[in-house]
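Start with the cavities, then turn to the aromatic pairs.

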Amino acid sequence: MNFSTGKKLFLSHFLAIVLVSGSIGSYFYQNAIDNLLGSLQARLKYSAALLSTTVDPSQLDQIVSPADKALDSYKKGVAHLRELVASNPDIAFIYVMRRDGAAIRFVLDSDPDSPGEPGEVYAVPVPALLEGFSKPGSDRELFTDKWGTFMSGFAPLSGGGGRYVIGIDMRADEVANKLNALRTTGALSLVFSLLLAFLFSHFLSRSLVKRIHALHRRCLAVDASVGMASGQTGDELDQLAVTFGDMLTRLQQSQTDLEQRVEQRTTQLSLANQQLKAEINQREKIAQLLEETARTDFLTKLINRRAMHRFLQNEMARFERTGGTFSLVLVDIDHFKNINDQFGHDIGDDVLVALSRAFERSAREQDIVSRWGGEEFLILLPNTAQADAFEQAERLRQLLDSDALQIERYPHRVTASFGVCEFAPGDSLESLLKQTDVALYQAKVRGRNQVCANVRVVL
């Protein structure tokens, strides 16, 4: 079946509008249903929680069988529930249930015609009922049992120790009436949307078809031979496409040679550019590798002594410009030679790597950790006085001396000695390093596995 462009446009716009408006309408319809049910659920939960405070569970344990209906506690309880039902026309029934193990049993029921008997097991406990023993809950949809179709809310009795629940049933006809009202409104909205979609699609398709005819006439006016030889089959868009196709064919033929020459030249330039980029990338990688090798310790991947010297010089220059202070922490692994001698240098390397990672993780963002040489590490703490540097070093020492540091192939605890020194005005780099080394020496002399600070600064 061959449709004209106008009909195609009309159908496509009509279906698109119907699809969009139907999706939006469905969304708002479902949202309205959810809001209605949500408000009913909230109302049922609130009502159940409110009624739970009006029933005293202390007299309910003695109501266990139909014979107990003669008890005053049963009669007063049922009378109280019926008074509550009479005070609220939206409520059909109010009842109290008790949980005995896995069974849910009736205790009180306001139904005057067919009440649940005391001790009668409720055969189909819904999730909301089970939830009601611990907190207020409600059905998420209409629920049907032998008493009819309802929407119910539940709440635990105050002081009932989680054994008693009070339930209220709202009759389904009220909920169904509200749902039917929503459905009627949704149906009317759908009919109105279809009418608007029809009118909009009709006028839009007519407008577009007029523009297509005008464009086709202008193409024919440019060259009367265009489209004549191709015939006039198909709809308006097919005819317009044929006309444009003939015009583009001649234009493409005139540009083919030029495009081929441009393509060849572009290919040559692209190859040359790729070769140049490859050479540049290779040189950058080599330069980066040389720079990284020059400043990084190959084993621990920390910066090496040479790179640390540059950081220390920069920090001293910053001190001269802006003031402030900084401190150094020199770390020496205790008895590292014994580790190498007893377990081998590969285990010793594992220890160095593990301590390097531990120092990096524990360091602050502004701190710089380096391998100073052998089993020594030097840590630069910018904007840090000696007292704070001492605390930082003590935290590192405790980390090593605890079980937090795990080294896979070396099961023994590793300790280290720490020397701390703060930069003082007038210090040279050599004197600062010397003072830090003296503090480390004092830590070793005092028995290792401790932190010593330079004595020239009072802590």
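Helices (H or I, at least four residues) and strands (E, at least two) are DSSP runs, numbered from the N terminus. The model is predicted: local features need pLDDT of at least 70, side-chain atom pairs count only at pLDDT 80 or more, and totals for chains, interfaces and linings use all residues. Residues are numbered from 1 along each chain as its sequence is written, and side-chain values use heavy atoms, without hydrogens or water.

On a 1 Å grid over the protein atoms alone, a cavity is a set of points where a 1.4 Å probe fits but cannot get out; lining residues have an atom within 4 Å of a point. In the second largest cavity, α1 supplies the largest share of the lining, three residues. Elements giving two or more residues to this lining are α1 (5-52) and β6 (164-171). Among the lining residues are R43, D90 and M170.

Now the rings. Rings of Phe, Tyr and Trp (its six-membered ring) pair if their centres lie within 6.5 Å; planes under 30 degrees apart count as stacked, over 60 as edge-to-face and the rest as tilted. The count is seven aromatic pairs. Y95 and F106 have ring centres 6.2 Å apart and planes at 65°, so this pair is edge-to-face. Y95 lies in strand β1 (residues 91-100) and F106 in strand β2 (residues 103-109), so the pair ties together parts 11 residues apart in sequence.

How values were computed
On a 1 Å grid over the protein atoms alone, a cavity is a set of points where a 1.4 Å probe fits but cannot get out, and a pocket is an open set with protein on both sides within 12 Å along at least five of seven lines; lining residues have an atom within 4 Å of a point.
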